[in-house]
Amino acid sequence: MDKVLSFHQGRLPLLISMPHAGLKLTPAVQDGLVDAARSLPDTDWHIPRLYDFARELDASVVAAEYSRFVIDLNRPEDDQPLYVGATTGLYPATLFEGEPLFKEGQVPSAQERATYLEQIWRPYHDTLRNELQRLREQFGYALLWDAHSIRSHIPHLFEGKLPDFNLGTFNGASCDAQLAGQLEDVCAKAPDFSHVLNGRFKGGHITRHYGQPDQNIHAVQLELAQSTYMEEREPFAYDEQLAQSTQQVLRKLLETTLAWGCQRYGR
């Protein structure tokens with residue numbers, strides 16, 4: 001298998017994870033997709049571009065290369081459900097709208113999926129684990145920001161319109177409450193945007209698994225409504241004008257996270 005992730009190592013105690021930004025498909029997945037899935041509509045579109053300022057902040061960044069239609073990096077390897085109600089698994093079977101993802105009889109084989117787990121899922125999580133360990137050893141703590149986006153209207157998954165900024169801390173288990181409060185304050189001071197903490201999206205596997213405040217690793221997931229920076233339907237175009245104001249809030253959120261860590265741990 002070719003390149004499965006991109007990784008940039010920064011010099012500050014912050015790691016930004018982008019597990020659903022990938023667009024690559026394996027031959028088995030590409031051949032089996034239904035027509036409605038071929039445009040990869042459930043992608044976290046343009047997340048690396050939206051967070052392109054992260055290197056200026058000197059944060060570490062890891063981003064997936066393969067689509068979540070191959071394997072979902074934000075699900076546990078045992079594929080236990082993370083949410084009550086409609087959701088998707090380690091190997092998605094449906095689109096977000098609820099329709100089947102694969103044509104009948106063309107689901108990738110168990111052997112192929114075992115390869116995806118070994119050659120795509122594990123390298124991504126090895127990178128997460130190793131970098132968080134490095135940061136904690138160097139600074140005494142590590143900060144993990146799991147960056148996502150999603151269409152603002154998906155009736156199959158949630159009612160009504162999603163808030164613009166959806167912060168998730170697994171109901172307070174993945175990061176310090178003071179940090180979560182400061183992030184909420186940043187969102188509250190952005191009058192053009194709505195927000196929620198631990199609403200429909202409380203944090204996926206990455207946030208829940210790696211966020212260990214008692215071990216000085218604090219994790220936050222942000223599920224960003226795509227209406228804040230792009231066209232939500234094909235051709236899924238990036239909107240530079242929309243994105244600029246959204247990036248200002250994102251930058252403030254990450255700067256607040258870093259400042260909180262420095263104040264909390266003294267470095």
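In this predicted model, the axes of helix α5 (residues 177-188) and helix α7 (residues 240-265) come within 10 Å and cross at roughly 150°, axes being lines fitted to C-alpha atoms over the stretch in contact and angles running from 0 to 180 degrees between N-to-C directions. This makes α5 roughly antiparallel to α7, a term used for angles over 145 degrees. Helices are DSSP runs of H or I with at least four residues, strands are runs of E with at least two, and both are numbered from the N terminus. Along the contact, defined by heavy atoms within 4.5 Å, Gln178, Leu179, Gln182, Leu183, Val186 and Cys187 of α5 meet Val249, Lys252, Leu253, Thr256, Thr257, Trp260 and Gln263 of α7. By class, this contact of α5 with α7 has seven nonpolar, five polar and one charged residues, where Ala, Val, Leu, Ile, Met, Phe, Trp, Tyr, Cys and Pro count as nonpolar, Asp, Glu, Lys and Arg as charged, and the others, Gly among them, as polar.

Residues are numbered from 1 along each chain as its sequence is written. Local features need pLDDT of at least 70 and side-chain atom pairs count only at pLDDT 80 or more, whereas totals for chains, interfaces and linings use all residues, and side-chain values use heavy atoms, with hydrogens and water left out.

The lining of the largest pocket comprises 16 residues, of which Ser6, Met18, Pro48, Val61 and Ala63 lie nearest its centre; a pocket is an open set of points on a 1 Å grid over the protein atoms alone, where a 1.4 Å probe fits, with protein on both sides within 12 Å along at least five of seven lines, and lining residues have an atom within 4 Å of a point. At least two lining residues are supplied by each of β1 (5-8), α3 (54-57) and β3 (60-64).

In the loop between α3 and β3 lies Asp58, which has a positive phi of about 70° although it is not a glycine. The peptide bond from Glu234 to Pro235 is cis, with omega near 15°.

Conventions: Parallel < 35°, antiparallel > 145°, perpendicular 65-115°, else oblique.
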